[in-house]
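Please read this briefing beside the sequence and the structure.

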Amino acid sequence: MIKRVITAAILIVIMALGIWFQGWPLRAILLVSMLMSTSEMYRAFRKIGYDPVRWSGYTYCVLAVLAQAYYANLTGGMFESISPAMFALIIGLLLAMTVIIFKGKVAFDSLMSTVFPMLYPGLFFSLIITLQDLHSRVISTLALVLTFFIASVNDTFALFIGLRFGKHRLSPQISPKKSVEGSIAGLVSSVVFAMLAPWLTQRLALSYPAMQAQLAASPLPPLWAFALLGLVAGGLSQIGDLVASLVKRHCGIKDFGTIFPGHGGMLDRMDGILFCGVACYVFFKIYGL
């Protein structure tokens, strides 16, 4: 448990620095995370005999980050009708399918194990990358904080409340240690955090005219909307954790990797965050921010 807490603290600092600086520092952190997570998923599939075309997945990861990085310079052209994340995904999928077909073999396992990581974790990472390009720095910072920390708060409260009070198993076959009590605690904490973050942002803006101007140009949604976001994002975060567990059980592994003591691999740490990021992406797009 001590290793888990120390590792979590270090990862929080890294995430906070990426959110603070944004731009290429954040893109670099997310690209490395995306490549590592994709590699871990490919490695898991290879353990059960699948043969993914890994280089096509890595090519997609790089293309997704570059497409988003240069999106601002290409608006008015092809990216006016298609998002950079979807553009990169289409190219990656076409590349993977073409390579597999030209092998001349009926290798559906190769196709599935190549394409699946492009969708998860690939596409989900791509959506998170877009959040730093919202209308203002204040909005993008808030969106990124919610993406990374709703999931982290959810996971923390679900873990500790589940250990102390958990009696009813949430999904015994997929993840035997998760409890209904822990899940409820995680959802409540997600709702509270999702409301607290924008409230603090508005309070902080009172002391900084530049922040006030940005929020005046792009007003935040009401707190009840953020409460709903917390509930949906918290729920998706838990589903993301269970989806990762489902893949691990199918592949016969305990963790995707060992790089983070007490946490496993990159995908073990990012599973809930990725699903939470999808909810935040949809939320901020719906409100036109």
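**Backbone, helices and cysteines**

P121 lies in helix α6 (residues 108-130), where helices (H or I, at least four residues) and strands (E, at least two) are DSSP runs, numbered from the N terminus. The peptide bond that leads from Y120 into P121 is cis, with omega near 20 degrees. This is a predicted model, in which local features need pLDDT of at least 70 and side-chain atom pairs count only at pLDDT 80 or more, while totals for chains, interfaces and linings use all residues. Residues are numbered from 1 along each chain as its sequence is written, and side-chain values use heavy atoms, with hydrogens and water left out.

**The pair α10 and α11**

- The axes of helix α10 (residues 223-251) and helix α11 (residues 266-286) come within 7 Å and cross at roughly 145 degrees; axes here are lines fitted to C-alpha atoms, for helices over the stretch in contact, with angles running from 0 to 180 degrees between N-to-C directions.
- The crossing of α10 with α11 is right-handed, a term used when the near helix is turned clockwise from the far one by less than a right angle, whereas anticlockwise gives a left-handed crossing.
- Sorted by class, the contact of α10 with α11 has 15 nonpolar, 3 polar and 4 charged residues; Ala, Val, Leu, Ile, Met, Phe, Trp, Tyr, Cys and Pro count as nonpolar, Asp, Glu, Lys and Arg as charged, and the others, Gly among them, as polar.

- With 29 residues, α10 reaches 42 Å from its first C-alpha to its last, close to the 42 Å expected at 1.5 Å a residue, the expected span being 1.5 Å times one less than the number of residues.
- Just after α10 comes G252, which takes a positive phi of about 70 degrees.
- The 21 residues of α11 reach 30 Å between first and last C-alpha, close to the 30 Å expected at 1.5 Å a residue.
- α11 is mostly covered, as 17 of its 21 residues are buried, where buried means under 20% relative accessible area, exposed over 50% and partly exposed in between (1.4 Å probe, protein chains only).
- The residue G288, which follows α11, has a positive phi near 65 degrees.
- In helix α3 (residues 54-69), the end C-alpha atoms are 23 Å apart, which agrees with the 22 Å that its 16 residues should span at 1.5 Å a residue.
- The buried residues of α3 include Y60, C61, A64 and V65.

**Cysteines**

- A search of the whole structure finds 0 disulfides, a disulfide being a pair of cysteine sulfur atoms within 2.5 Å.
- C61 is buried, with a relative accessible area of 0%, and its sulfur is 18 Å from the closest cysteine sulfur, in C251, which is too far for a bond.
- C276 is likewise in no disulfide, and the nearest cysteine sulfur, that of C280, is 4.4 Å away; C276 counts as buried at 0% relative accessibility.

- Q22 lies in the loop between α1 (2-21) and α2 (23-46), and its phi is near 50 degrees, a positive value in a residue other than glycine.
- Q22 counts as buried, at 4% relative accessibility.

**Separations along the chain and in space**

- L206 lies in the loop between α8 (180-205) and α9 (209-217) and counts as exposed at 53% relative accessibility; L206 and K285 are 79 residues apart in sequence and 25 Å apart in space, C-alpha to C-alpha.
- M195, in helix α8, is partly exposed with a relative accessible area of 31%; M195 and L146 are 49 residues apart in sequence and 9.8 Å apart in space, C-alpha to C-alpha.
- R43, in helix α2, counts as partly exposed at 37% relative accessibility; the C-alpha atoms of R43 and G262 are separated by 20 Å, with the two residues 219 apart along the chain.
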